[in-house]
Amino acid sequence: MRPSSSPSFARVLAALCASLALALAGGCGGAAPVAPPAPEAGGGLIGSAAPELAAEVVSGEGPSTLKEARGKVVIVDFWATYCRPCRRSFPRYQELVDRFGGDLAVLAVSLDAPEDVSTEQIAGFADEAGVRFKILWDKDQRAEKAYRPRRMPTAFVVDRDGVVRHVHAGYEDGETDKISREIEALLGPAAAPPPAGGGRRSP
């Protein structure tokens, strides 16, 4: 004879439904988990003081730290020798330095691992790209941990007072045009005039 529905089965089913209801209620009433900052949000640094850099100086001209660069707009650029977009971004950043003169500094921070490259290879990358701005090497990963760049390269635009104002995660065509407009806005009336003998390029 076919057995009838068991009372114990009904109790188990009811208990499961009750547990599910409690779990849903708890999820609605509890605080939602905080999502990690998106790359475009700059890891939460936008509007905050840019962490100081204590990376090893490899080559280049200009300030080596944010303290030395105070009063200028600064691009803190995280890159690596294996990063193909970095080969395109470097020459464009040099164009910005040339355009804005002493009002802009670039601190290019290599994230290459010490076991993978040498100082000569990092300096050689900059030489091949034809740049003269400061090249730093974050050997101990202190800068990487402080800034938390999510992509390669990632550029942090820092204002004259040392505050992060914009973040560019990755590099696409036209990226430096956006950065140029941001620099002009941060410099305001103090924006550098065009170099002698050449017209100022519109962004």
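**Fold and labels**

Author: From the N terminus on, the elements of the protein chain run α-β-β-α-β-α-β-α-β-β-α. That is 5 helices and 6 strands, where helices (H or I, at least four residues) and strands (E, at least two) are DSSP runs, numbered from the N terminus. This is a predicted model, with local features needing pLDDT of at least 70 and side-chain atom pairs counting only at pLDDT 80 or more, while totals for chains, interfaces and linings use all residues. Residues are numbered from 1 along each chain as its sequence is written, and side-chain values use heavy atoms, with hydrogens and water left out.

Reader: Why are α2 and α5 called roughly parallel?
Author: The axes of α2 (residues 84-100) and α5 (residues 175-187) cross at roughly 25° and come within 11 Å. Axes here are lines fitted to C-alpha atoms, for helices over the stretch in contact, and angles run from 0 to 180 degrees between N-to-C directions. Angles under 35 degrees count as roughly parallel, over 145 as roughly antiparallel, 65 to 115 as roughly perpendicular and the rest as oblique. So α2 and α5 are roughly parallel to each other.

Reader: Which residues make that contact?
Author: On α2 they are Arg-92, Tyr-93, Leu-96, Arg-99 and Phe-100, and on α5 Thr-176, Asp-177, Ile-179, Ser-180, Ile-183, Glu-184 and Leu-187. Contact means heavy atoms within 4.5 Å. They divide into 6 nonpolar, 2 polar and 4 charged; Ala, Val, Leu, Ile, Met, Phe, Trp, Tyr, Cys and Pro count as nonpolar, Asp, Glu, Lys and Arg as charged, and the others, Gly among them, as polar.

Reader: What does the largest nonpolar core consist of?
Author: It has 30 residues, and those with the most contacts inside it are Ile-75, Phe-90, Tyr-93, Phe-133, Ile-135 and Ile-183. The largest share, 6 residues, comes from α2. A nonpolar core is a set of buried Ala, Val, Leu, Ile, Met, Phe, Trp, Tyr and Cys residues joined through side-chain atoms within 4.5 Å. Buried means under 20% relative accessible area, exposed over 50%, partly exposed in between (1.4 Å probe, protein chains only). Of the chain's 203 residues, 40% count as buried. Not counting residues up to four places away in sequence, Ile-183 touches Val-73, Ile-75, Leu-96, Phe-100 and Leu-104.

Reader: Why is Gln-141 called partly exposed?
Author: Its relative accessible area is 41%, which lies between the 20% and 50% limits, so partly exposed is the label. Gln-141 is in the loop between β4 and α4 and has a positive phi of about 65° although it is not a glycine.

Reader: How do you know that Arg-148 counts as partly exposed?
Author: At 36% relative accessibility, Arg-148 also falls between those limits, so it gets that label. Arg-148 is in the loop between α4 and β5, with a positive phi near 55°.

Reader: Which residues does a cis peptide bond join?
Author: Met-152 and Pro-153, with omega about -5°. Pro-153 is found in the loop between α4 (142-147) and β5. Most residues other than glycine have a negative phi, and most peptide bonds are trans.
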